[in-house]
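Work through the exercises below with the sequence and the coordinates open. Each task is followed by a solution in steps.

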Amino acid sequence: MTNAIAPQPLRGVRIVDLTWMLASAGTTVILASLGAEVIRIEWPGHLDFTRRQLQARPKPPPLGPLKAPAAPKSMQAVPEANLSGLFSDRNAGKLGITLNMRAPEGLELFKKLVGISDIVIEGFRPNAMRSWGLDYETLKSIKSDIIYLQMAGFGSTGPYSGYASYGPTAQVMSGIGALTGLPEPHPPTMWNHSYMDVTPPFYGAMALMAALYYRNRTGKGQYIDQAQYEPGLFLSGTAVLEYSANGRRSTRVGNRSPYLDAAPHGIYRCAGEDNWIAIAVFNEQEWTALCREMGYPSWAGDSRFADMRNRLANLDLLDAHLEEWTKKREKYALMYQLQQAGVAAGAVQSPGDKFERDPQLKVRGFFVDLPHTRLGTWPHTRHFTPRLTRTPAHPGGITQRGAPCVGEDNNYVFSTLLGLSAEEIAAYEERGII
Amino acid sequence: MLLAGHGADVIKIEPPTGSPSRAIGPFYQDIRDPDRSLFFWNYNRAKRGVVIDLNSSEGRDFYTALIRTADAVVDSQGPDVMDRLGLGYDWAAEISPNIIYCSITPFGLNGPWRDLKASDLVHSALGGMAYCCGYDPVEGNRWDTPPFNPLGWQTWCKAGEHAAMAVMAALLCRQMGGPGQFIDAAIHDAMAHSTEGTVPRYIFNGVDQTRRLPMQVRCADGVYLNVLGLPPADFKKISEMVARDGLVEDAEALRTTDPSRFQALPSMLARWAARRPAMEAFRALQGCGLAAGAVRYAEDMIADPHCQARQNFVEIEHPELGRSFLYPRQPRQQAATPWRSGPRAPLLGEHTEAIRRELLTKTE
């Protein structure tokens, strides 16, 4: 595995990765893009569910046929598991092995791997690892300074700790799901993507980096228990304070700005089907500029809109008038016109807009082409976005490719890292251990 | 706040009039005062605060002394602001060559949108978050409601999280023998990533994931319950439970459903859920392996037994007000190096003199 890219911040850190889907797997994709060696473990009956999602048609290879790796014997009965674009995006830069964690010999190999690693991270239900004899104390006995991060949905303690949880479950357990949409009696809308699959990985990555920093200073590893809902609840602090300080419960406010005076402030229809623009006016200078851009319509001179206080008292009418104007305009043209005039405005971008039409993301290099052994070369997104100027991150990590195919790195891990001979590996494969 | 929570000594620098975020509400007892902003309280706890007038020579001397002792700088003033004062990264690196300098700007320091004006709402729109939040279409591709921006300053939170990760990565890299460096973090980049699988879905399948209501049912107490019919849901067990309520048709639908029909789950559970409060429905469905969750506000979690067991809240003293207030405590459980959740955010200029004295003793 050679690569000629610039050095990365977490070179030399090895992570044993028993994560799943996104909430936990998202943590290690960040660390992979920072240069860590992340070894994902899957096994028969435990292939990541994401491998079934967003299957794509492989791109024609630029130079001759692709040499797709043969799946290990234990996995050969499994239908096509290497065609998921989503799996590639979420697991780019990682190594992948197949190791049967249900078999005692598989557990022994796992322990050998722990012995040469810095971190163990998993997203199982809370007692899974313990039931296999792999709790923190055992891991610590294998490697005294091991760092072990457990990322169960509800966490490993507490009355709900065995409960099932996916991203939306964590979203509502954190109190932030209720905050989106129109006021009651309308129902809350939550996010229609899994925001609480996106957020916990940041906190997991921070936890692991801080733990490495601490270990480098003290020689001590540690055990960390991060429930999926906890970072979300942590983010809701102002709502908790408002209740504690003022006795006031939260409410939904649509697209209004209850805590920072702004009028108009909302999302308004533009020309075409389901096209919208966000406009936010925070002071009289911006309001005057907006009026000028609208061509000083007579309604804007009404005393009900004369200053912020009045506009805040007449928001429904203000929104209705404004939308009569915006709905005739194309969203990007209107955005640039208002920005030129000094008004904060932004087109509501769809995923397709972000990929095809957003000029800023292109320049920022948000999309990076990565080769995938089965899928060919496709654009992948950055899961860690800041630009580190001296030690850049790169979504391809140390492998410089998308996600691993099933067992793609068996040879490297079992032979090069663990020192097994070809015969030993073949024997393990025969018995379904590898 | 995130770096302080991990134990860093964070010194917040404010102009004499105070950080603009002190004007963001809500306010304690609804009194608009720089020391009463609950927004500021939440996002600035565990930090110390100094007032520096960077336009004065005395202020610049103070800032210079701070830079000499700093491992990292986090600068969200906006593109070029500190550079125009002659106090940006190039200047700081002259004084302290291994310094880590993290700039957080709306769109980053290059590109055609570099100098655009933004707000939380505008970032949500441009970043793609708003597009995916809202009600169902009236038909096909037509909505009569707009996309919605989730409350709670999510765009700024995402940017802060990416930046905190970046500073940590840089600190770790430097600890392991690497250089200090400049970091260019952008809110727009962070938001572009925040939409989970939606962009890959467009890239790999050519489909735009649009907004619609989540899978939820309304319970007897008016609280919604989010329900997901994914493994390890035991539909047989759920069917039996619903049958015990006498809801024969719903029970039959549940018994014969298959995983591909889990979108229809709310309609099969609506009548059963409408008869009981959300938390009771939650426990009952979880008992059948169904990932269910009550859609509650954060303040409802205070009395929740799970959040209490995990100590998700903490009282933090505000001595000058003669009382304490409740805050979320920590984003995880970590015994060896516990999260630092307090003390409360600094009053304006609270630590100016103390830190000035500290710097004097350092140079002696």
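**Exercise 1.** Which strands of chain B does helix H12 (residues 265-273) lie across, and at about what angle does it run to S6(B)?

Solution. Start with the conventions. The model is predicted: local features need pLDDT of at least 70, side-chain atom pairs count only at pLDDT 80 or more, and totals for chains, interfaces and linings use all residues. Residues are numbered from 1 along each chain as its sequence is written, while chains are lettered from A and ligands numbered from 1 in the order in which they are written.

Step 1. Helices (H or I, at least four residues) and strands (E, at least two) are DSSP runs, numbered from the N terminus. Two residues are in contact if their C-beta atoms, placed from the backbone, lie within 7 Å.

Step 2. Helix H12 of chain B lies across S6 and S7 of chain B, and runs at about 25 degrees to S6(B). Axes are lines fitted to C-alpha atoms, for helices over the stretch in contact, and angles run from 0 to 180 degrees between N-to-C directions.

Step 3. Helix H13 (residues 278-286) of chain B lies across S7 and S8 of chain B, at about 165 degrees to S8(B).

**Exercise 2.** Describe the sheet of chain B under these helices by strand order and pairing.

Solution. Step 1. Three strands make an open sheet in the order S6-S7-S8 (chain B), and the pairing is antiparallel. Two strands pair if DSSP finds at least two bridges between them.

Step 1. The edges are strand S6 (216-218) and strand S8 (291-294) of chain B, each pairing on one side only.

Step 2. Strand S7 (residues 224-228) of chain B is joined to S8(B) by four bridges. Within S8(B), Gly293(B) stands opposite Asn226(B).

**Exercise 3.** Why is S8(A) largely enclosed by the rest of the structure?

Solution. Step 1. A residue is buried if 20 or more other C-beta atoms lie within 10 Å of its own, exposed if 12 or fewer, and partly exposed in between; C-beta atoms are placed from the backbone.

Step 1. Five of the five residues of S8(A) are buried, so the strand is largely enclosed. Trp276(A), Ala278(A) and Ala280(A) point one way, and Ile277(A) and Ile279(A) the other way.

**Exercise 4.** How many residues of chain B are in contact with chain A?

Solution. Step 1. The number is 124, in contact with 121 residues of chain A. Helix H7 (residues 154-175) of chain B gives the most to this side of chain B, with 14 residues.

Step 1. Two bridges join strand S12 (residues 387-388) of chain A to strand S5 (residues 182-186) of chain B, running antiparallel. Leu388(A) has Ile183(B) as its bridge partner.
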